[in-house]
Amino acid sequence: MATLSFNTTRMRTPSLPRISRPSSFTKPIKTHLSSSSQTLSKRRRFVSRSLPETKEETLIIKQEEETEDDDPTSELSYLDPETDAESIKEWELDFCSRPILDSRGKKIWELVVCDASLSLQVTKYFPNNVINSITLKDAIVSITQDLGVPLPEKIRFFRSQMQTIITKACKELSIKEVPSKRCLSLFLWLQERYDTVYTRHPGFQKGSLPLLSLDNPFPMNLPENLFGEKWAFVQLPYSAVREEISDFDEKFVFGATLDLDLLGIDVDENTLIPGLSVASSRAKPLAAWMNGLEVCSIEADSSKGCLILAVGISTRYVYATYKKTPVTTDEAEAWESAKKASGGLHFLAIQDDLDSDDCVGFWLLIDLPPPPV
């Protein structure tokens, strides 16, 4: 049982991004995090690529392994028969080269599409000389025709280098493109495919680096419309976090949640989840602005004395700064340690007042390592 102790950090200053005097640290609280209950692992949700949990599943998977689906050169086209196709309105998409060479010695490209619940799973291989928006548009249309699913309302993607091609294909199909690293199901699936498909492909190139790596740019100044007035490092028991995200519709709260079962995160109800609370007299407008940003994660950078807000694909903002002292450095490092101990799980809450029990915005966030391809 790992135990961390840190204080609630309240920056009592008239503006969120700048601290003009030493911070006030009050109300000591303790975080109890069980490393055994916070292990990040993949659930058995990927078609024919997962470990069995029962004898019956072992038999089913063994039968599947005898089919062409087990061939690493084969493509996948799957729709959960128990899922209403009309209910799948958002896709997660990756269109990128893989560490696999074709007969010409050129890297093979692959289109991978899924929805957040993995009810939809599609893969298609392409030679590198046909990579354009027309190829992508035609592939999207063929998925809808082959599986009988409608065109999605939104497509999320996480590679900035592919934004032009994906945007053009989406616009021609009247689909809203959403640059976002909140493609968490896709991240996990790509990791799973690397482990069980790409490495078994006859053209696999061990040690090959991703052609299109993920960006991690220098953080920019925070736009004025995202300013808060006060902020605090806070914690909530996981039971309270679940209550917050379950009441989204009833409370008309802005924000976003995560399917922790799908992500393989088993959290004890009493585990304290680290978070950041931001207070503002214009909390609702602030939450509304944040809601359109695809908030990904928050990082406490103790070396620079600031908090970094990551949104979209490659946008990073200096969300707040504080005067570096031994105490503030310990606070920031303890918060980051608590986040890592919870498998990267953390949250952002926007409130009218730091002492309020209600939120007008709540985002459940997680730091996941980028896929290896």
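Which residues does Cys183 touch, leaving aside those up to four places away in sequence? In this predicted model, the partners are Glu92, Arg156, Phe157 and Phe158. Cys183 itself sits in the loop that runs between strand E8 (176-179) and helix H4 (184-196). Its relative accessibility is 0%, so Cys183 counts as buried.

The largest nonpolar core holds 42 residues, and Tyr198 and Leu263 have the most contacts inside it. Several elements give two or more residues to this core, among them strand E5 (107-114), H4, helix H5 (238-246) and strand E12 (272-279). H4 is the one that gives the most, with six residues. The core also draws at least three residues from each of domain 1 (74-198) and domain 2 (218-364).

Now take a closer look at Tyr198. Beyond its neighbors up to four places away in sequence, Tyr198 touches a set of residues including Leu190, Phe204, Glu110 and Arg98.

You will find Arg98 in strand E4 (residues 90-101). Is this arginine buried or exposed? Arg98 counts as buried because its relative accessibility is 1%. Its side chain is joined to that of Glu110 by a polar contact of 2.7 Å. Again leaving out residues up to four places away in sequence, Arg98 also touches Lys107, Ile108, Val112, Arg159 and Val373, among others.

Technical notes. Residues are numbered from 1 along each chain as its sequence is written. This is a predicted model: local features need pLDDT of at least 70, side-chain atom pairs count only at pLDDT 80 or more; totals for chains, interfaces and linings use all residues. Side-chain values use heavy atoms; hydrogens and water are left out. Helices (H or I, at least four residues) and strands (E, at least two) are DSSP runs, numbered from the N terminus. Buried means under 20% relative accessible area, exposed over 50%, partly exposed in between (1.4 Å probe, protein chains only). Contact means heavy atoms within 4.5 Å. A nonpolar core is a set of buried Ala, Val, Leu, Ile, Met, Phe, Trp, Tyr and Cys residues joined through side-chain atoms within 4.5 Å. Domain bounds come from an automatic or database domain assignment. A polar contact is a pair of N or O atoms within 3.5 Å; within protein, one must be able to donate a hydrogen and the other to accept it, and residues adjacent in sequence count only if both atoms are side-chain atoms.
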